[in-house]
Each structure stands twice: as structure tokens, then as C-alpha cells.
Amino acid sequence: MAQPDTKRFFENLTGAGKSIAVLTSGGDAQGMNAAVRAVVRMGIYVGAKVYFIHEGYQGMVDGGDNIEEASWESVSSMLQVGGTVIGSARCKEFRTHEGRLKAAHHLVQRGITNLCVIGGDGSLTGANLFREEWSGLLGELVQQGLIDEDAVQKYSALHIVGMVGSIDNDFCGTDMTIGTDSALHRIIEVVDAIMTTAQSHQRTFVLEVMGRHCGYLALVSALACGADWVLIPEMPPADGWEDKMCQKLSANRAGMKRLNIIIVAEGAIDCNNKPITTDHVKNLVVRCLGFDTRVTILGHVQRGGTPSAFDRILASRMGVEAVLALLETTANTPACVVSLCGNQSVRLPLMECVQMTQEVQKAMDEKKFEEAVKLRGRSFENNLRTYKLLAHRELESEISQSNFNVAVLNVGAPAAGMNAAVRSAVRVGISEGHKMFAVNDGFEGFYKGQIKEIKWADVGGWTGQGGSLLGTKRTLPAKHLEKLAEQMRINNINALLVIGGFEAYLGLLELLSARGKYDEFCVPMVMVPATVSNNVTGSDLSIGADTALNAITDTCDRIKQSASGTKRRVFIIETMGGYCGYLASVGGLAAGADAAYIYEEPFDIKDLQSNVEHLTEKMKTSIQRGLILRNENSNENYTTDFIYQLYSEEGRGVFDCRKNVLGHMQQGGAPSPFDRNFGTKISAKAMQWLSKKLKETFRQGRVFANTEDSCCLLGMRRRALVFQPVVQLRDETDFVHRIPKEQWWLKLRPLMKILAKYKTSYDVSDSGQLEHVVRIRPKDSDVSA
């Protein structure tokens with residue numbers, strides 16, 4: 001029987017007659033402008049009036065020109081700008097009752113009863129207090145003769161939706177806040193630059209990063225650059241940490257490492273709540289080891305610069321979700337905050353999140369640091385666990401040797417972050433007592449015998465390097481099974497970790513099918529997805545895709561800027577991805593594209609003509625530049641050249657055209673912080689799963705694993721990392737076009753169209769459910785999906 005259609009579409013929600021105001025408050029964060037843009041355009045799209053409130057709460061208190069109606073064009077060219085163009089300020093007056101009374105009067109004058117607040121926990125707490133006092137404030141305004149009773153009836157309730165803009169990622173209830181990823185980009189750019197000079201002079205660098213009460217930036221940047229030591233407020237080092245740190249730095253130098261990196265959060269403390277400063281750490285290293293040591297304080301560099309692709313997408317999704325939440329709210333709906341969990345947008349009660357954020361600080365003040373880490377949430381806890389796993393190498397005499405040999409190989413095209421994944425696997429494997437083997441050039445190198453043992457120090461400095469240092473090829477194993485089995489036997493390989501794209505997935509299926517003929521393949525095998533195309537079945541995200549998105553976004557920014565000051569111009573950009581339209585669609589959302597042509601969403605000449613006409617209309621207003629993205633295999637007939645010629649001809653007299661094929665620059669470059677961190681965490685988890693399976697399948701002196709669940713793909717599914725038998729993923733795969741049959745990101749395409757002023761349907765089935773903050777989330781699933 002056919003399943004009932006449970007999809008809900010936002011066309012049933014209307015903003016007609018509603019007024020929405022958006023403000024940014026507290027410290028600025030990259031991506032705030034993307035959120036403002038999304039709120040304004042989605043608000044106008046649904047028929048509401050949208051207002052800017054300049055200078056945060058101060059503008060609300062002062063009124064006048066600070067509260068200005070927004071237009072569609074007023075948020076053009078805002079997406080790529082850092083900071084907040086509508087201004088932000090900390091307002092003492094809003095903390096007083098009189099200040100909030102003035103603010104209420106100014107909102108009622110303009111009929112505003114829906115507020116979208118982008119800021120930290122202080123800003124959101126202030127908004128909630130304002131909401132709770134609203135009816136009382138209106139009563140006072142009536143008594144003072146500033147408004148009449150009709151206004152009280154008409155504007156009886158104030159609705160609040162929050163979005164967290166904070167580079168510290170210190171707000172509970174969300175995996176990432178707007179601005180955090182961009183701040184990590186700034187930190188990693190600096191660390192990568194410092195490493196070259198540190199290596200030249202054999203120096204130690206002590207870096208201070210922001211995070212007065214939260215060590216997220218310090219922790220993740222330490223993971224992403226392979227720092228020797230990190231000091232954060234949530235994990236104060238025990239007494240005697242100075243000696244341990246110096247021993248580690250000295251051991252690393254003895255292992256032929258020419259530099260040391262120590263990262264200190266500005267709020268770092270010891271176990272006695274005494275601050276640990278960068279100068280203290282520097283003096284300690286100089287005094288105990290005599291190393292040439294320098295201090296670098298990054299400061300407000302971390303807040304600056306253009307937002308990353310991740311932050312633009314996150315902010316755009318949150319901005320649209322915030323407007324939907326305001327349209328659906330009632331007088332009894334609590335103020336909510338739009339959050340991110342895994343790759344899902346969720347709504348959570350604002351004050352539950354604020355209270356938990358305050359509980360973290362309380363737990364830290366009471367020296368309950370383990371509780372503070374749990375309250376920080378799943379993302380923070382996983383990062384800390386992975387850092388502890390990789391940072392401190394135990395002496396070989398202290399590790400119980402397992403006598404298992406594990407091989408690691410890269411398969412398919414190179415992807416930024418592969419090396420971070422290999423480093424993580426090797427070090428976790430050695431920590432678990434295994435002997436680790438590196439295979440060069442994928443399955444081709446494997447059957448040719450290009451395999452050798454790899455040690456802890458061999459993978460030092462790999463985290464920040466792009467491409468694949470092991471070498472990778474697209475060769476599949478099916479034609480070389482006998483030689484592969486021979487190499488498995490010669491090297492006594494007991495488990496396989498394959499890091500790669502669609503070829504890696506196909507390779508694992510072929511090895512699984514060959515188990516009946518070759519016992520050598522009856523070992524635990526796991527795949528970690530790594531491909532810029534993000535086309536592997538069983539995972540919403542792949543290592544390398546974020547770096548490629550940033551390359552596309554940065555290039556599109558430059559291309560659009562090249563047209564500033566010239567006549568109206570449209571750019572046609574071709575992206576990679578094979579038949580998978582992920583890069584074109586999500587890159588289009590991040591770059592502010594007008595259209596993105598992909599294979600998954602068939603288009604014809606009428607669609608192309610409609611897009612040209614739409615762009616022509618926009619170009620007749622103040623919009624000066626257009627951006628069209630095309631996935632390389634979106635259509636065999638409507639090629640990039642064809643689309644370029646069509647737009648050039650049909651836009652003649654209104655705009656001219658240029659085309660760019662981005663090519664392999666999307667595969668190159670240093671991996672983004674996200675890819676380094678994702679690769680490190682997912683690979684560590686895969687290695688731990690292999691260790692568990694090796695113990696389970698070791699019988700009578702040998703490893704024998706021939707069940708479906710001993711050959712898995714580890715992927716991100718919605719909110720968790722899940723191990724899935726590859727054989728069960730067959731039915732979900734379109735093998736002809738090398739893509740999954742269902743792809744989550746297709747739901748984001750209407751966002752791009754809405755923000756580009758197209759009328760479209762937007763499935764909001766996943767929206768509208770107000771969840772509650774989970775205090776201690778269950779561990780990531782280790783079971784089959």
C-alpha cells in the first residue's frame with residue numbers, strides 16, 4: 001500500500017501582515033551577514049515586512065533611523081562580507097527597565113512583533129527577558145499615553161527566535177555556532193604559516209587563541225594542526241604538567257621533529273583555577289629545555305576575514321529556519337534558538353540552552369570538569385576524546401601488543417584530508433597495539449607489493465598536507481584478486497582500512513564477493529569516505545568536500561569581484577563532481593548563485609530560457625552581477641559552452657557573459673579545518689571498530705571474519721556516525737552514475753532558489769518540531785543502519 005505523503009511545504013505559511021526585525025548583538029562573527037541576508041530575503045519572500053535594527057539593542061533603544069525597512073537589493077553583495085554590516089554594540093541601557101520600555105515603544109511604532117536575534121547567550125537571554133516583559137511594557141506605554149489600547153490588542157505578543165553567532169562555539173545545544181568555522185580557518189592559516197618559519201629555525205611557538213570560557217577553538221585547532229600540547233579551561237592539566245609537557249616536546253625533537261606548536265586558550269587554567277598564560281608557557285620551555293621559543297597572540301584576527309563556505313551555508317539555513325519558526329509561532333510557543341545537530345537544523349527552547357550554558361560555567365567554577373565537558377555536548381566531547389587518543393604516545397613497553405597487522409590505503413582520486421585520516425588511523429592503531437602497514441597507490445600498489453610498516457613518527461606533520469602522501473589510484477581489485485590475496489598472506493594482514501571515494505566502495509564490494517574463494521579476504525574491513533564529489537552511498541559527508549567547497553566559494557568571490565565597477569555581467573562556472581551535483585548546489589548556496597544545473601534535477605531549454613529571463617529582470621534593477629554554476633556531467637547536450645552561448649545571446653544588450661572551468665583546483669590545496677578534524681575523528685573511530693572486530697573474530701590462532709557486518713562503511717548519517725555493511729548499501733546506490741539514489745542536500749536546493757528570488761516549493765517536513773536539549777547524548781551509533 002502506498003505510504004501517505006507526509007511532506008509539508010512552506011507555501012501554507014504566510015507572512016502577510018507580519019513585520020520581522022533582525023539584529024546582531026554582542027561580539028561580531030563571520031557569517032552573521034549571511035544570516036541577515038537569509039532572514040531578509042525569506043521574510044520578504046513570504047510576504048512579511050522586514051526591518052534592520054542597526055547597532056544591536058542600542059539601535060532598538062535609540063530608535064529613529066536605526067530601525068530601517070530592508071529591501072531585497074539591500075542585502076546584495078553581503079554574503080561574502082565578514083563581521084556584520086548592520087552593526088553590533090553592547091548596550092547597557094537595554095539592561096535597564098527604562099531602556100527596554102523605549103525599545104518596546106520603537107517596535108510598536110513600526111508594528112514589529114517578531115524579532116530575530118543573532119548573538120551569544122547574553123544577547124539571547126536579554127531577548128527572552130524582553131519577551132517576558134512585553135505585555136507589562138505595553139501596559140506602561142498605554143499609561144504614559146504613548147500608545148492606545150488598540151495597539152496593545154494588535155501587538156499583544158512578542159515572538160523571539162535566536163541564532164547563535166559566536167566564534168567561541170560556547171553555546172550549548174548546537175554542534176557549531178555561526179563564525180566558529182571561519183575563526184578556525186584564520187587560526188589554521190596562521191599556524192600553517194608559522195610552521196614554515198618554525199621549521200627553518202627549529203623553534204617552539206606558543207599560540208594564544210580566543211576562548212575565555214570555552215576551549216573549542218584551541219582544542220579543534222590543535223587537532224587540525226597536530227599541535228604538541230594544548231591548554232584549555234575544560235581540561236586543566238594535573239599538578240606536574242610542566243614536566244610532562246617538556247618531556248613530550250623534548251621527545252618530539254629527539255624524533256627528528258624540528259618544531260613544536262603549543263596552543264593555549266585565553267581562558268586556560270591549571271587544576272587550582274590559576275590562569276596559564278602564554279608567557280608562563282614560553283618561560284617554562286626556555287628555562288627547562290633551552291629551546292628558542294616565540295609567542296604569537298592571534299587576537300581579533302580570528303574574528304576577521306570572509307566567512308567560510310560552512311558558515312555561509314549554516315547561516316543561510318538558520319536564517320531561513322528562523323523565519324519559518326516565526327511564521328509558525330503562537331502566543332504559547334517558547335522563545336527558541338535554531339541549532340545544528342550533525343547536519344540537521346533543529347529548534348530548541350532558548351532558555352534551556354542558556355541554562356545549560358550557564359551550568360557549564362558553574363561546573364567549571366566548582367572544578368567538576370568532566371561534567372562541564374559532558375554539558376558542552378557531543379561535538380566537544382568527541383573532539384576531546386580524539387585529541388587524548390592521538391596526542392600522547394605511550395611507551396611501547398606500556399602498550400600491550402595485539403600481534404595484529406592492519407593495512408591502510410587510499411583509493412580513488414585524491415581528496416584534501418586523506419593524510420589527516422591516515423595519520424589518525426596509524427597512531428590510533430599503534431596505541432591499540434597493532435602493527436600498521438601503509439600501502440602505496442591503492443589496490444594497484446597493494447597487488448604489486450608496495451606495502452611497508454609505518455611508524456608513529458612517519459606520519460608527523462601529515463595533518464595539514466593536501467592530496468594523498470600514500471599515493472592513490474582508481475584501480476579496482478577484481479582483476480587482481482589472486483595477487484592481492486598473496487600479498488595479504490605474505491604480510492599477514494589481519495584487517496583493512498580503506499580511505500577513498502566511490503572506487504573504494506566498489507573495491508570493498510569486490511573483496512567481499514571474493515571471500516568465498518579467498519580466505520585471505522575474510523578479515524574485518526572498513527571504509528572511510530574521502531572524495532571531493534561527496535557521492536559515496538551511506539554518508540552525508542565525505543572528507544575533502546568541504547575543502548573543495550571553500551575553493552569554489554573563494555574563486556566565485558574573486559570572479560564576482562572582478563566585475564565590480566564594470567557593466568552588468570553573468571559568470572558561468574563549471575564545477576567537478578561527476579554526476580553528483582553536491583559541489584554545484586551547495587557551492588551555489590555558499591556563493592550566492594542564481595542557478596545551479598545538476599544531473600539529479602533534469603532541466604530543459606525552457607528552464608534555461610526561464611533562468612535567462614529571470615536574470616534579465618534582476619539585472620534591470622541594481623543587481624550588477626549574476627552567477628550560474630553547472631555540474632560537469634549535468635547534461636551531455638547542454639554543456640558549459642552551450643549555456644555560455646545561450647546566456648550571451650539572450651542577454652545581449654542587458655548583460656555580457658564570462659565562463660570559467662574550475663577543474664582540479666577543487667582537489668588541491670591544504671585541507672580545511674573541517675576536513676582535517678572530520679578525517680581525524682572518523683578515521684580514529686574506524687580504527688577502534690577494527691580493533692573490536694579483530695578481537696571478536698580471532699579464533700584458534702587466526703582472524704576469520706566472513707559475516708556481512710565485518711565489511712562496513714563508516715558514514716555520517718543525519719546526526720551520528722554509523723557503521724553500515726556495504727552489502728546493505730547496494731540497493732541505495734545508482735551504480736551507473738556513481739551516486740546514491742537519495743541525497744539529503746537536494747533539500748537545500750530550494751533555499752538557493754528562494755534566496756535568488758525564484759518561486760519554488762520548499763519541503764519543511766524536518767522543520768517545526770521544537771525539541772528539548774539532551775543533557776548527555778547517547779554515544780555515536782556503532783550498529784548497522
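Tutor: Strand 12 and strand 15 (residues 472–473) run parallel, joined by two bridges. Keep in mind that this is a predicted model.

Student: Which residue in strand 15 is the bridge partner of N410?

Tutor: T472 in strand 15.

Student: And how many bridges pair strand 12 with strand 16?

Tutor: Six, in the parallel sense, with strand 16 spanning residues 495–500. There, V406 stands opposite A495.

Student: What about strand 13, how many bridges there?

Tutor: Five, again with strand 12 and strand 13 (residues 435–439) in the parallel sense. V408 has A438 as its bridge partner. The chain gets from strand 12 to strand 13 through helix 14 (residues 418–431), a right-handed β-α-β crossover.

Student: Is strand 12 mostly covered or open?

Tutor: Mostly covered: seven of its seven residues (405–411) are buried. N405, A407, L409 and V411 point one way, while V406, V408 and N410 point the other way.

Student: Switching to rings. How many aromatic pairs?

Tutor: The structure holds 16. One of them is Y518 with F521, edge-to-face at 5.7 Å centre to centre and 65° between the planes. Y518 is buried at 13% relative accessible area, and F521 is buried at 1%.

Student: What parts does the Y579 and Y599 pair tie together?

Tutor: Y579 lies in the loop between strand 18 and helix 19, and Y599 in the loop between strand 19 and helix 20, so the pair ties together parts 20 residues apart in sequence. This pair is edge-to-face too, at 5.2 Å and 75°.

Student: Which charged end sits over the ring of F291?

Tutor: That of R253, 4.2 Å from the ring centre. Also, K759 lies over the face of Y45, at 4.6 Å.

Key: Residues numbered from 1 in each chain as written. Predicted model: local features only at pLDDT ≥ 70, side-chain atom pairs only at ≥ 80, totals over all residues. Heavy atoms only, no water. Buried < 20%, exposed > 50% of the residue type's maximum accessible area, 1.4 Å probe, protein only. Helix = DSSP H or I, 4+ residues; strand = E, 2+ residues; numbered from the N terminus. Pairing = 2+ DSSP bridges. Right-handed = clockwise from strand over helix to strand, strands pointing away. Phe/Tyr/Trp six-rings, centres within 6.5 Å; stacked < 30°, edge-to-face > 60°. Lys NZ or Arg CZ within 6 Å of the ring centre and 35° of its normal.
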